[in-house]
Amino acid sequence: MLILGIESSCDETAASVAEDCRRIRSSVISTQIEEHKKYGGVVPEIASRRHCENILGVTKKALDDAGATLADLDGIAVTYAPGLIGALLVGVNFAKGLAMASGKPLIPVHHIAGHIATNYLSHPKLEPPYLCLVASGGHSHIIEVLSYTKFRVVGRTHDDAAGECFDKCARAMGFPYPGGVHVDAAAQKGDPTAFKLPHPAVAGSEFDFSFSGLKTAVINMLHHADQKGETIDRNDLSASLQQTISQILTDKTVRAAEALGYKKIALAGGVSANSGVRAALSEACERRGYEFFMPEKSLCGDNGAMIACQGSYNFLAGITADESLNAVATLSMDQI
Ligand code: KG4
Ligand code: ZN
């Protein structure tokens, strides 16, 4: 079984061909980061225009690298939600055109389900059920992965996502966009106990997150220091921020696992590349005797392979779309 996966939900245009779900025959990613860097964040209209320019070339290369043609495919999978609407629409419409031209089934994939699937690529033996922490630029979720295609959200952020907190604090510290990776590098050289940062309390579900108070605390600290003509050590602040975010994500995930009886835990999403988060969750799982899975670093950010893999599982479960498939900017995993 060969499935083409297409991803265009944010600032990466990506395509990949997966064979029998987990064997990645090709993976092509065209990133727009350099262009959005100038503006300190993703400019949605620019993102849509670049997807429009790049999607055909990226897809052609993914097919060529895989040694496949449209005729060889069993289906065409595409990210339809959630994400920047104009960006998603480029991928969805392109995939529809390919499906129509080739007569192959169109397979809708939820972006977060795609991130979760990166663990199947990195760990050939991993199978549901398990509990997954998904932390990215737009999402922070604790998700019960009940099967390859059935999910239940047990924790979510009430405001900012963990990646957004990394990026906004990084920006205030003067790091370029996207800042998470720069905070990670600076944190290696800093003292994580240098600053005591807040662990915000969240009303409602005990497994929900809130990162806006932490973000505001860091930004205020930098502004106050600036006003007084003082400088704050970026390495120390990065290390303290990274440790705080890692502890918040790890504590809630482990508590959810205990409450729900999971002994198999996974990590996914762009923030899963963070060395502090990887170490904190893996150590917490080891202490409790839980099995722990995380994707290799090259699969943490947005890519086509995760859509091709999840698309394959959706296809096997009979999840396909007709010609009315639309892009959806916001869609909870509970609704798919
Ligand atoms: O999953 P992703 O590529 O896009 C979304 O679906 O949002 O995640 C991007 C996020 C950004 O916030 C980026 O700063 C963060 O992942 N990120 C990191 C690291 N690498 C990427 N955050 C902290 N440390 C990293 N090493
Ligand atoms: Zn993503």
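Within domain 1, Ile112, Cys300 and Met333 supply 35% of the area buried against domain 2, more than any other three residues.

A word on the ground rules: this is a predicted model, so local features need pLDDT of at least 70 and side-chain atom pairs count only at pLDDT 80 or more, while totals for chains, interfaces and linings use all residues. Residues are numbered from 1 along each chain as its sequence is written, chains are lettered from A and ligands numbered from 1 in the order in which they are written, and side-chain values use heavy atoms, with hydrogens and water left out.

So where do the domains lie? Domain 1 covers 2-115 + 300-335, and domain 2 covers 128-297; these bounds come from an automatic or database domain assignment. Their centres, taken over C-alpha atoms, are 27 Å apart. The contact (heavy atoms within 4.5 Å) takes 22 residues from domain 1 and 22 residues from domain 2.

Seven residue pairs, both partners at pLDDT 80 or more, are in polar contact between domain 1 and domain 2. A polar contact is a pair of N or O atoms within 3.5 Å; within protein, one must be able to donate a hydrogen and the other to accept it, and residues adjacent in sequence count only if both atoms are side-chain atoms. On the side of domain 1 that touches domain 2, α1 (33-37), α4 (111-122) and α10 (305-316) each supply at least two residues. Helices (H or I, at least four residues) and strands (E, at least two) are DSSP runs, numbered from the N terminus. The residues on that side of domain 1 divide into ten nonpolar, eight polar and four charged, with Ala, Val, Leu, Ile, Met, Phe, Trp, Tyr, Cys and Pro counted as nonpolar, Asp, Glu, Lys and Arg as charged, and the others, Gly among them, as polar.

There is also one salt bridge between the two domains, meaning a side-chain nitrogen of Lys or Arg within 4 Å of a carboxyl oxygen of Asp or Glu. Aspartate 334 pairs with arginine 156 in a salt bridge, with the closest N and O atoms 3.3 Å apart.

Now for the metal. His111 (NE2), His115 (NE2) and Asp302 (OD) coordinate the zinc ion (ligand 2) at 2.0 to 2.1 Å. Donors are N, O and S atoms within 2.8 Å of the metal (3.2 Å for Na, K and Ca), and water is not among the atoms, so sites may look incomplete. Along the chain, the zinc donors follow the spacing H-x3-H-x186-D. Histidine 111 in helix α4 and aspartate 302 in the loop between β10 (291-293) and α10 are 191 residues apart, so this pair links distant parts of the chain.

Technical notes: Buried area is the accessible area (1.4 Å probe) that two parts lose on being put together, summed over both.
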